[in-house]
Amino acid sequence: MNQQRARRFKAARDRVQKEQIENKIRNEMQREGLRIPPQQKAWDHNVISPGTEFMSMVAETIRDYVSERIQKADVSSPW
């Protein structure tokens with residue numbers, strides 16, 4: 001459990017450092033008059049943890065899907 005927590009904190013710290021480096025490079029490019037590519041939002045792996053809003057949405061989506069499949073199921077067919 002502690003190892004997992006340590007990995008999450010390290011990933012968050014690494015993401016912040018990467019953003020700082022990227023911002024520094026973007027500022028340098030802007031000063032030099034270079035074209036700056038659009039900034040892409042990074043995926044936060046920490047959202048795939050129990051109790052997060054993301055996981056609540058995943059659980060709700062799966063429940064809805066299973067419920068719909070059960071309602072539309074053909075009783076004579078196993079699939």
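Lys72 and Glu68 are joined by a salt bridge between their side chains, with an N to O distance of 3.4 Å; the term denotes a side-chain nitrogen of Lys or Arg within 4 Å of a carboxyl oxygen of Asp or Glu. The two residues stand 4 residues apart in helix α2, and so about one helical turn separates Lys72 from Glu68. Helices are DSSP runs (H or I, at least four residues), numbered from the N terminus. Lys72 is exposed at 64% relative accessibility, whereas Glu68 is partly exposed at 42%. These classes rest on relative accessible area with a 1.4 Å probe and protein chains only: buried is under 20%, exposed is over 50%, and partly exposed lies in between.

The model is a predicted one, in which local features need pLDDT of at least 70 and side-chain atom pairs count only at pLDDT 80 or more, while totals for chains, interfaces and linings use all residues. Residues are numbered from 1 along each chain as its sequence is written, and side-chain values use heavy atoms, with hydrogens and water left out.

In total, the structure holds 4 salt bridges. One of them links Lys10 to Asp14, whose closest N and O atoms are 2.8 Å apart. Lys10 and Asp14 are 4 residues apart in helix α1, and therefore about one helical turn separates them. Asp14 also forms a salt bridge with Arg13, at 4.0 Å from N to O.

Helix α2 spans residues 53–72 and includes Val66. Together with Ile62, Tyr65 and Ile70, Val66 forms a nonpolar surface patch with about 410 Å² of accessible area. A patch gathers residues with over 30% relative accessible area and no salt bridge, joining nonpolar side chains (Val, Leu, Ile, Met, Phe, Trp, Tyr) within 5 Å and like charges within 9 Å. The areas come from the Shrake-Rupley method with a 1.4 Å probe, and for residues only the protein chains shown count as cover. Val66 itself is partly exposed, at a relative accessible area of 40%.

Neighbours within four places in sequence aside, Ser49 is in contact with Arg8 and Met55, where contact means heavy atoms within 4.5 Å.
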